[in-house]
Amino acid sequence: MATKKKEEKESKKESKSKENLEYVNKQGKRLDGRTVDETRPIKIKVGVVPNADGSAYLEWGQNKVIAAVYGPRECLPKHTANPYKAMVRYTYRMATFSVPDRKNPRPGRRDVEISKVSSEAFERAIFTEKFPNTAIDIYVEVLDSNAGTRIAALTTAAVAVADAGIPMRDMIAGVAVGKAGGNIIVDLNKYEEDAPDAVDIPIAILPNSEEIVLLQMDGLLSKKEWVEARTKAFAAIKKVHELQKQALLEKYKNFESTPSNDGSDKQ
Ligand code: CDP
């Protein structure tokens, strides 16, 4: 009983200290020194899983994600195949050691939801109609996390799909935007996501057409705040997209197209 009271007191104290926190100071700097429209550092490496058709590894601040793509391949069990298009099966998982409290390895409601919305995003991007009766399997494993993992996962997976040579209308790139302490900020970290007035909006788009393929929202924003958040998100996504392209170029810059005997270009 006494410990419960102590815990309650501590959590009240913690939320009070979060209320008093200055999420953006007078110099326009956030708790981790970033400006309001700055993402955490992003590093992408292509081709990290030798047995996969395409793969990528990404570090986004503390978030670490690995993605592997298999397919298009036979869709099993057969009754799940679609004679008009490929089935995109996206699996988002968090490693048991990727969060402060051990994550249950069984997929929970959150993992299933993220996998579903991410599959739908890829169905917009991939020319699925070119591969009837097949499956495209995208597996993403989060190895370390600090908020923004669904977008980090999607960004990595898009690079892996491109590495697999699967034709896409466009790359998928994203960022989470939101609000903490009354400020509209880009790429919230866990501390900012836990602010008393926090709003978290993961957004992913097809960068060339700017079509939104994933949009979720925790919390409420006014219309004016939303317009500001959207503008900041789109600007940040352009930078993420550039990094995706650079990572792919890094792998393929040394591949030269050599003419084969049948006259077609072969790598
Ligand atoms: O990661 P994302 O922001 O896309 O999703 P979220 O549901 O808003 O989760 C925010 C963060 O909470 C994650 O990035 C993890 O760091 C953390 N988390 C956790 O500690 N334990 C879980 N079972 C799930 C998430």
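User: Of the 14 residues around the ligand, which come nearest?

Analyst: This is a predicted model, in which local features need pLDDT of at least 70, side-chain atom pairs count only at pLDDT 80 or more, and totals for chains, interfaces and linings use all residues. Residues are numbered from 1 along each chain as its sequence is written. A residue counts as near a molecule or strand if its C-beta atom, placed from the backbone, lies within 6 Å of it. The ligand has 14 residues around it, and those that come nearest are Val99, Ser145, Ala147, Thr149 and Arg150.

User: Which elements each supply at least two residues of the shell around the ligand?

Analyst: Helices (H or I, at least four residues) and strands (E, at least two) are DSSP runs, numbered from the N terminus. The elements that each supply at least two shell residues are α3 (149-163), α4 (190-193) and β8 (199-206).

User: Where does Pro72, which a cis peptide bond joins to Gly71, lie?

Analyst: Most peptide bonds are trans. The bond between Gly71 and Pro72 is cis, with omega about 0°. Pro72 lies in strand β3 (residues 63-74).

User: Is Glu210 buried or exposed?

Analyst: Glu210 is not a glycine, yet has a positive phi of about 60°. Glu210 sits in the loop between β8 and β9 (211-215). A residue is buried if 20 or more other C-beta atoms, placed from the backbone, lie within 10 Å of its own, exposed if 12 or fewer, and partly exposed in between. Because Glu210 has 11 C-beta neighbours inside 10 Å, it counts as exposed.
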